[in-house]
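I opened my notebook with a few things to look up.

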Amino acid sequence: MSPETQKVLILGPAGFVGQQLTSSFVDAKYCVVVADKSPEFLDQIPKEIESRIVDLQSLDQIRDTLRKESPDVIVNSAGLIGFKSCKADPELAFAVNSRAVQDLIDAALGLPNKPLLAQISTDAVFEGRNGGNYYEHDERRPASVYGKTKLEGDKYIEASTLPWLIIRTAVVYGAYRYFHRTNRFIDDVLSHLRSGQPFEAMDDVINSPTFVINLCHGLLHLMEKECRGAYHVAGPEPLSKYQLAVKIARIFNLNSQLIVPIQSAGRDNFSVYPGNTSLSIKKLTTTGFMPMRPSEGLRELQTDSILTAL
């Protein structure tokens, strides 16, 4: 099926990844419908994109929306993200990261067609104590509330009879496509350095920083290739938060000497982070897709006209 004949329902379009997913699927000529529980956020999405108000904690609303829209593809980027947020409210994390996924599957199975379910997941499903470079089939043993609730949602998808893709990614950076919602790591680095303030960044937490546009294009690529299963769509270069902050400073011509390396161990605010959850992208590259290295993605971001939000 060509994109023009496929309807894609994007859940969580107001979020950072959700905004870029919406833009990328529209650019790829899919028929796009977005759904979020917050009308004030949907009002900021371009008017030509159809939108629906859906609370993922309401099974009735999920069923009603899927029945009315009958999508060919559901992309779920909704949920409670972040180690600190999920630790602070584990009940909400379970509700939106786990139970809502099960409800979404149940509602989708009731449709006459069986839509492809594409779930945006995270490297936090891995423990982070084995030196990183995790493959898709490696044991998942998260220690954080965030990782545990996301993993439970993933397992619901894996056990379902729907066609599915689970996209694991990490430290997604870039600019908000439609409107700036909350500060992200790159925002904090830039704001500190531009005002001449020191910035502390962890040197013992390692991930695979991923350019948000690459993440969305990777999903589109896998759909075009009719791939199914779990794929790591992440940057090819493992970096600590400190190393990433230094790259940001140098590419944006700011003073990297202001970046201070710190250790997460013993710090209450950072102890929730796992160690090295860098991801192998070997499976992804065998399909013909290679994400940008952080230096490449940051240079593209620097020249992006939408970067005024930063």
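My entries follow, topic by topic.

**Entry 1: the model.** I am working from a predicted model.

Entry 2: Where do F41 and F179 sit in the chain? F41 is in helix α2, residues 39-42. F179 is in the loop between β7 (172-173) and α7 (185-194). The pair links distant parts of the chain, 138 residues apart. I checked accessibility too, and both F41 and F179 are buried.

Next I took Y173 and F211. They also form a stacked aromatic pair, at 5.5 Å centre to centre and 20° between the planes. Y173 belongs to strand β7, and F211 to strand β10, residues 210-211. Y173 and F211 are both buried.

**Entry 3: lysines over rings.** I then looked for charges above ring faces. K241 lies over the face of F185, 5.5 Å from the ring centre. I also found K283, whose charged end sits over the ring of Y231 at 4.3 Å from its centre.

**Entry 4: a helix pair.** I looked up how α5 (residues 90-109) packs with α6 (residues 145-158). Their axes come within 8 Å and cross at roughly 10°. An angle under 35 degrees counts as roughly parallel, so α5 is roughly parallel to α6. I listed the residues in contact. From α5, they include P90, F94, V101 and I105. From α6, they include V145, Y146, Y156 and I157. How many residues of each class make the contact of α5 with α6? I have 9 nonpolar, 5 polar and 2 charged residues.

**Entry 5: positive phi.** I checked for residues other than glycine with a positive phi. K29 has one, near 75°. I placed K29 in the loop between α1 (16-27) and β2 (31-36). Is K29 buried or exposed? Its relative accessibility is 53%, so K29 counts as exposed.

N253 is not a glycine either, and its phi is positive at about 55°. I found N253 in the loop between α9 (241-251) and β13 (259-262). Its relative accessible area is 66%, so I wrote N253 down as exposed.

How values were computed:
Residues are numbered from 1 along each chain as its sequence is written. This is a predicted model: local features need pLDDT of at least 70, side-chain atom pairs count only at pLDDT 80 or more; totals for chains, interfaces and linings use all residues. Side-chain values use heavy atoms; hydrogens and water are left out. Helices (H or I, at least four residues) and strands (E, at least two) are DSSP runs, numbered from the N terminus. Buried means under 20% relative accessible area, exposed over 50%, partly exposed in between (1.4 Å probe, protein chains only). Rings of Phe, Tyr and Trp (its six-membered ring) pair if their centres lie within 6.5 Å; planes under 30 degrees apart count as stacked, over 60 as edge-to-face and the rest as tilted. A charge sits over a ring if NZ of Lys or CZ of Arg is within 6 Å of the ring centre and within 35 degrees of the ring normal. Axes are lines fitted to C-alpha atoms, for helices over the stretch in contact, and angles run from 0 to 180 degrees between N-to-C directions. Angles under 35 degrees count as roughly parallel, over 145 as roughly antiparallel, 65 to 115 as roughly perpendicular and the rest as oblique. Contact means heavy atoms within 4.5 Å. Ala, Val, Leu, Ile, Met, Phe, Trp, Tyr, Cys and Pro count as nonpolar, Asp, Glu, Lys and Arg as charged, and the others, Gly among them, as polar.
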